[in-house]
Amino acid sequence: MADAASTRPQKVLLDVRGLRVAYGKAEVVRDVSFDVRAGEFVVVLGRNGAGKSTILHAISGLIPKRAGSVTFEGRDLSSATPRETVRAGIVQVLEGHRVFQTLSVEDNLLIGTYAKAPRGDRTKLERIYALFPEMAERRTQMASRLSGGQQQILAVAQGVIGDPRLLVLDEPSGGLAPIVVDRILDVAAKLCADGLAILLVEQLVDKALRHAHWGYLVETGRIAASAASADLRDGELVRRVYLGGHAA
């Protein structure tokens, strides 16, 4: 578990400024600005429909932006494609344990290396199997034969094997047993302790804040508040946002 501190690392890894995203005429993300620091575990919280996943998709280049900038390690990624974003060092694990059902566990993992090695990089497998031994045991098994929790762990492993500088996790707990959620968040915390920055969107507030260093609260497409995770756990900001009040 992360012991959140009130002071953040100095080096800004991801810097998002003035982000606006619309679906048709409906603007769902409004002037969002936030950052993730090097080696930091950051959680984005908010009610369903607040715009959390939309923010992640815009950062990863999966959906167009109406306005705003995305800078990563000093590089402007505001107009980057998803492939360019991955090559820059940002890997997003999408909600819903999306893996290639007709491929084996190992082939799914190798796909995670394609952005940097078009034919796959088998040298990355040993580290991933050490980190995710449950995947090592099932390396030849078809992904379709895994449980939902195992598929989500595979999706996370597929993201990690690409050696990102920032791993983006979108609602990894969706529909999963608590023990699987804890497993995923524990691995994320370990990776963060080893220097990987984590950006997490999650509905399980208490679990997320126990692992994170810093948190942002999103309300109707805007950043309503930000604070160290310990302050968010002990204060009333989260309760106000989730119960429909306004964070001060």
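**Close-up 1. Lining of the largest pocket.** The lining of the largest pocket is made up of 13 nonpolar, seven polar and two charged residues (Ala, Val, Leu, Ile, Met, Phe, Trp, Tyr, Cys and Pro count as nonpolar, Asp, Glu, Lys and Arg as charged, the others, Gly among them, as polar). The model is predicted: local features need pLDDT of at least 70, side-chain atom pairs count only at pLDDT 80 or more, and totals for chains, interfaces and linings use all residues. Residues are numbered from 1 along each chain as its sequence is written, and side-chain values use heavy atoms, with hydrogens and water left out. The pocket has a volume of about 600 Å³. Closest to its centre, among 22 lining residues, are Val86, Val91, Gln92, Leu94 and Gln158. A pocket is an open set of points on a 1 Å grid over the protein atoms alone where a 1.4 Å probe fits, with protein on both sides within 12 Å along at least five of seven lines; lining residues have an atom within 4 Å of a point. Helix 2 (82-88), strand 6 (90-93) and helix 6 (148-160) each give two or more residues to the lining; helices (H or I, at least four residues) and strands (E, at least two) are DSSP runs, numbered from the N terminus.

Close-up 2. Two bridges join strand 4 (residues 67-72) to strand 5, and threonine 71 has aspartate 76 as its bridge partner.

Close-up 3. Phenylalanine 132 lies in the loop between helix 4 (125-131) and helix 5 (133-136). Its relative accessible area is 2%, and it is buried (buried means under 20%, exposed over 50%, partly exposed in between; 1.4 Å probe, protein chains only). Beyond its neighbours within four places in sequence, phenylalanine 132 contacts Ile153, Val156, Ala157, Val160, Arg183 and Val187 (heavy atoms within 4.5 Å).

**Close-up 4. Two loop residues with positive phi.** Most residues other than glycine have a negative phi. Aspartate 163, in the loop between helix 6 and strand 7 (166-170), has phi near 55 degrees and is partly exposed at 30%. Threonine 220, in the loop between strand 9 (214-219) and strand 10 (222-228), has phi near 45 degrees and is exposed at 52%.

Methods
Pairing = 2+ DSSP bridges. Points joined across faces, edges and corners; volume = space filled by probe spheres on them.
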